[in-house]
Amino acid sequence: MPKQYVDEYEPLLIKGIKDKRRLQLPNKSLLLAMFAACVGGTFQYGYNVSVINAPTMYVQNFINLTWMQRYQTNISQDGLTLLWSTIVSMFTLGGLIGASIGGTLSVKLGRKGTLLANNTFSLMAALLMGLSSTAGSFELLIIGRLLSGINAGIALCVQPLYLGEIAPTALRGAMGMGTSVFITGGILTGQVMGLKEILGKEEYWPILLSTTCIPAALQLLILPWFPESPRYLLIDKGDEEACKKALRQLHGLVDCDGALEDIEKERSNLVGVHAKKPWELFSDRSLRWQLLTIILLNAAQQLNGINAIYFYADYVFRQSGIPMDKIPYATVGTGACECITALTCGLLIESLGRKVLIMGGYVLMSICCVFFTLTLTFQGYSPVFPYLSMVCVFAFILSFGLGPGGVTNILTTELFMQTARPAAFTIAGSVNWLSFFFISLVFPFIVIGLQQYCFLVFLAVCSLVATYIFFCIPETKNKTFVEIQNEFQSSKNKLSRSDGAGTILLSTSI
């Protein structure tokens with residue numbers, strides 16, 4: 001090659017290499033913004049899911065004592081079970097309420113504004129639960145858990161929305177995994193805080209339940225220093241200067257121009273289109289496949305057997321010879337396992353893609369269901385089988401964290417444009433919480449009726465979802481929101497074509 005061409009193109013090549021490296025490593029401000037959003041968001045969801053398990057017996061003793069002081073008689077076992085179930089299930093009801101209002105709040109207050117305002121529910125919950133013992137009122141626990149649930153429902157709706165909109169296209173998957181990483185981190189932290197060496201003693205349970213105020217306070221201190229979602233600022237508010245300022249802070253001076261161009265392209269496609277309501281998505285034929293996909297994936301996230309695995313974990317640990325007083329430490333091991341897997345998924349998602357990870361996760365979970373059913377069936381035949389069951393428990397958790405646990409929220413972000421995204425998260429969150437409530441209600445009866453064969457039901461769910469993903473979900477890695485939308489529009493016609501015999505043809509390109 002002539003020297004003049006080398007001299008001419010060498011700076012461009014060097015610039016291209018530097019730009020590529022920049023895309024591989026996120027801006028420090030972007031990482032801090034992700035931390036600020038997640039620590040007071042989905043981290044609290046994971047924390048409140050797990051922290052209630054450790055003081056179960058202590059809270060039940062408190063209910064019994066309070067009942068005795070009020071009515072001079074012991075509460076019946078059925079009454080105690082009902083009150084405890086109410087305390088636990090209020091979190092699910094609150095989550096459904098939060099999910100149903102999260103999308104609307106994110107449009108009215110902005111993504112960042114909603115996350116900050118959401119901490120009000122967390123702080124009120126911490127105050128009520130912390131004072132419940134002193135006040136001698138288990139009703140405060142019920143209200144506190146309801147408020148914690150509302151906080152979690154809004155966070156699960158708005159936080160992935162915020163992360164997906166502040167992230168560069170090349171890092172959107174890795175940034176979106178922050179949701180899953182912080183959920184599992186919250187679960188693990190709740191398990192550790194509940195150990196007797198920390199706050200797991202009887203006299204500390206009100207303090208343990210009120211520690212949910214700590215991540216809320218952290219978010220209120222850190223998140224105000226970071227900008228609102230640039231897409232929200234430009235597309236929803238029309239504030240171009242604020243959008244540019246936010247992009248410069250989050251992406252740096254070099255990469256902000258390209259990000260601004262992508263946002264402007266999306267805005268040009270949405271001229272005259274208002275923010276959609278959840279019910280409007282059901283009547284929009286252009287979004288039919290995207291909507292079906294997020295409904296299926298969010299339902300499957302709760303119905304795939306992960307809750308059953310945790311239900312059986314204690315039994316498997318006991319059968320393996322682990323002493324009762326050491327089982328909480330083994331449970332912490334399952335939390336650590338899921339957390340590590342979520343981190344691994346975050347590292348792999350931009351190289352392997354979303355489709356491979358989520359489909360591979362469901363395939364591996366299907367295999368684990370088969371082996372777990374077999375090992376539970378033959379528990380009494382050999383001392384080896386309890387240990388094989390333990391392997392299946394950890395393998396299932398690893399498989400869940402590798403794909404379904406983290407990728408589901410990312411796809412909800414990526415499959416919709418700006419005006420439909422908040423409504424999509426409202427629908428996805430509502431389906432997720434309803435499925436959580438459904439499996440909590442029905443699962444005990446499934447176990448009674450089918451015993452260890454209940455995992456054959458979850459085998460069917462995982463297999464069907466893996467098949468749907470293979471045929472019907474496109475790869476979204478390194479694609480802009482406009483490109484993903486265009487791919488769905490073009491492939492929608494392929495799905496509806498039929499051959500000469502009138503059979504529907506499914507194209508794997510979708």
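**Exercise 1.** Is the crossing of helix 16 and helix 17 left-handed or right-handed?

*Solution.* The model is predicted, with local features needing pLDDT of at least 70, side-chain atom pairs counting only at pLDDT 80 or more, and totals for linings using all residues. Residues are numbered from 1 along each chain, and side-chain values use heavy atoms, without hydrogens and water. The axes of helix 16 (residues 306–319) and helix 17 come within 10 Å and cross at roughly 130 degrees, where axes are lines fitted to C-alpha atoms and angles run from 0 to 180 degrees between N-to-C directions. The crossing is right-handed, the near helix being turned clockwise from the far one by less than a right angle.

**Exercise 2.** Determine where the second largest pocket lies.

*Solution.* Among the helices, helix 8 (172–193) gives the largest share of the lining, 6 residues. Domain 1 (26–226) and domain 2 (276–489), with bounds from an automatic or database assignment, both give residues to this lining, so the pocket lies between them. A pocket here is an open set of points on a 1 Å grid where a 1.4 Å probe fits, with protein on both sides within 12 Å along at least five of seven lines, and lining residues have an atom within 4 Å of a point.

Notes:
Helices (H or I, at least four residues) and strands (E, at least two) are DSSP runs, numbered from the N terminus.
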